[in-house]
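Please keep the sequence and the model in view while reading.

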Amino acid sequence: MEIPYAVQPRPDTGVYNAKMGIWLFLASEVMLFGGLFSGYVLLRVGADQWPHGWLDVRLGTANTIILALSAITTLLAWAACKVREFGKFKFFHACTLLLALSFLCIKGYEYHDKWIHYEIKLADGRIADGHIESAIYLNPATKEPLEERSFRGNAFSTVAGGTTNTYELASVTIEGRYVNDEKDLYDLRAQKNIPRDEIKIPRAQIKSMENYGPWHNTYLALYFTLTGLHALHILGGSIVIGYLWGPGRRLWKTNPEQFTNRVEVSGLFWHFVDLVWIFLYPVLYLT
Amino acid sequence: MSDLKTAKQHNTPFPGESELPGHTVDLKSYIRTCVYVFIAVVCAVSLMIWASYLPQEHFNWPAKVGLILAVACCNAFVVAGFLMHLISERKMIYTVLAFTVFFAAAMMWLTLYAMQDFPAGTTH
């Protein structure tokens with residue numbers, strides 16, 4: 001069955017069907033992100049204190065520029081199709097894919113940075129805050145120490161040659177600092193030249209420890225939800241663009257007009273993803 | 001390379017292109033427009049960063065947030081207007097967007113309205 005109005009505009013709407021469809025889809029996307037943004041407003045206005053300077057503005061800015069460039073290369077890829085220069089289309093869409101990959105790599109680095117960042121509440125009331133360097137575990141039976149590059153909980157077991165070995169946490173080493181009050185960790189912008197030392201903390205001193213994951217506080221829950229959903233959109237858009245750049249380009253030989261329309265529709269989605277980031281960046285990194 | 005050859009075989013405008021005068025394509029003019037858009041985005045980002053570092057004594061957080069979001073809106077307008085062709089789109093698309101804006105604004109308003117609706121003594 002042939003899809004109607006895949007190339008020519010439909011008389012009553014004035015646009016081809018796929019374009020109408022993508023705009024309706026984008027309308028539903030506006031409501032999805034709009035709901036999350038309104039949730040952000042509600043939670044932020046109701047919060048007693050809000051973190052500032054927890055994210056690296058340089059990385060956020062780099063991602064903003066990368067997404068803006070990718071939006072431009074997407075538009076140029078469509079324009080190249082319009083003037084029937086398929087070689088330029090391939091070049092511009094390859095640039096878009098590379099830029100999308102760069103965005104995701106930077107976002108992955110930021111997530112990892114938060115994942116290895118720990119807030120450790122100590123028995124003497126102080127708080128140790130910093131990035132984990134290593135954790136020393138001890139086998140209670142053999143007293144054999146084991147150094148791990150990440151925190152694996154209070155204890156863990158390994159099975160080797162039919163023998164189960166249990167290891168218990170002995171100490172944690174972080175690169176960070178001590179603070180007396182949790183409030184000192186909130187406004188990092190106001191604090192310049194924060195000292196960072198290697199701190200070794202024995203298990204007996206640790207009251208509780210938690211990394212900067214989405215469970216840490218409301219700000220991080222919102223950060224991971226909003227940027228995670230946005231990153232999924234980047235991934236989805238990249239798959240579509242990759243398909244058009246790869247196996248989907250066969251359509252160019254048989255029906256270049258329809259192929260060009262597909263490029264336009266995928267481009268509209270990509271620009272929407274860029275638009276969402278234009279608001280996420282100031283909301284999460286700058287305010 | 002075979003794709004490139006295929007593309008060069010019929011170097012004529014698509015049928016129906018003249019029906020969309022706003023979307024007539026000239027690659028060089030598009031590149032020029034893209035350069036302007038990119039410069040505008042870089043300027044907007046620089047302005048937002050500058051605004052976020054304004055001294056706290058003279059600019060409180062609500063003023064800063066308002067200024068930064070105003071710049072972000074201008075940035076979004078440039079991207080939507082020129083990259084998504086919203087400045088020269090069909091009436092049907094504007095109609096869809098008008099409904100979207102209405103419902104999104106209503107959702108935001110409901111959130112703000114709900115914030116005034118806490119019973120006394122509620123903490124959140």
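A residue is called buried if 20 or more other C-beta atoms lie within 10 Å of its own, exposed if 12 or fewer do, and partly exposed in between, with the C-beta atoms placed from the backbone. The model is a predicted one, in which local features need pLDDT of at least 70 and side-chain atom pairs count only at pLDDT 80 or more, while totals for chains, interfaces and linings use all residues. Residues are numbered from 1 along each chain as its sequence is written, and chains are lettered from A and ligands numbered from 1 in the order in which they are written.

Chain A may be taken first. Its secondary structure consists of six helices and seven strands; helices (H or I, at least four residues) and strands (E, at least two) are DSSP runs, numbered from the N terminus. From the N terminus on, the order of these elements is α-α-α-β-β-β-β-β-β-β-α-α-α. The radius of gyration of chain A, 25 Å, is well over the 19 Å that the globule rule gives for 287 residues, so the chain is more spread out than a compact globule. Here the radius of gyration is taken over C-alpha atoms, and the globule rule is 2.2 Å times the number of residues to the power 0.38. The C-alpha trace of chain A spans about 75 × 55 × 35 Å along its principal axes. Of the 287 residues in chain A, 32% are buried.

The division into domains comes next. Chain A is split into domain 1 (18–115 + 217–286) and domain 2 (117–211), with bounds that come from an automatic or database domain assignment. The centres of these two domains of chain A, taken over C-alpha atoms, are separated by 36 Å. Domain 1 of chain A gives eight residues to the contact between them, and domain 2 of chain A gives seven; two residues are in contact if their C-beta atoms, placed from the backbone, lie within 7 Å. On the side of domain 1 of chain A that touches domain 2 of chain A, three residues are nonpolar, three polar and two charged. In this classification Ala, Val, Leu, Ile, Met, Phe, Trp, Tyr, Cys and Pro count as nonpolar, Asp, Glu, Lys and Arg as charged, and the others, Gly among them, as polar.

A:I241 is buried, with 25 other C-beta atoms within 10 Å. Leaving out residues up to four places away in sequence, A:I241 touches A:H93, A:T96, A:L97 and A:S266. A:I241 and A:T74 are 167 residues apart in sequence, yet their C-alpha atoms are 9.0 Å apart in space. A:F103, in helix α3 of chain A, is likewise buried, with 23 other C-beta atoms within 10 Å. Beyond its neighbours within four places in sequence, A:F103 is in contact with A:N63, A:I66, A:L67 and A:I234.

Chain B has four helices and zero strands, and 18% of its 124 residues are buried. The contact between the chains takes 48 residues from chain A and 45 residues from chain B. On the side of chain A that touches chain B, α1(A) provides the largest share, 13 residues. That side divides into 28 nonpolar, 13 polar and seven charged residues.

Which residues touch the most other members of the largest nonpolar core? They are A:A71, A:I72, A:L75, A:L76, A:A77 and B:M48, in a core of 62 residues. A nonpolar core is a set of buried Ala, Val, Leu, Ile, Met, Phe, Trp, Tyr and Cys residues joined through C-beta atoms within 7 Å. The largest share, 16 residues, comes from α6(A). A:L76 touches A:F92, B:Y30, B:I31 and B:C34, not counting residues up to four places away in sequence. Apart from this core lies another, of 10 residues, among them A:Y118, A:Y137, A:Y167 and A:L169.
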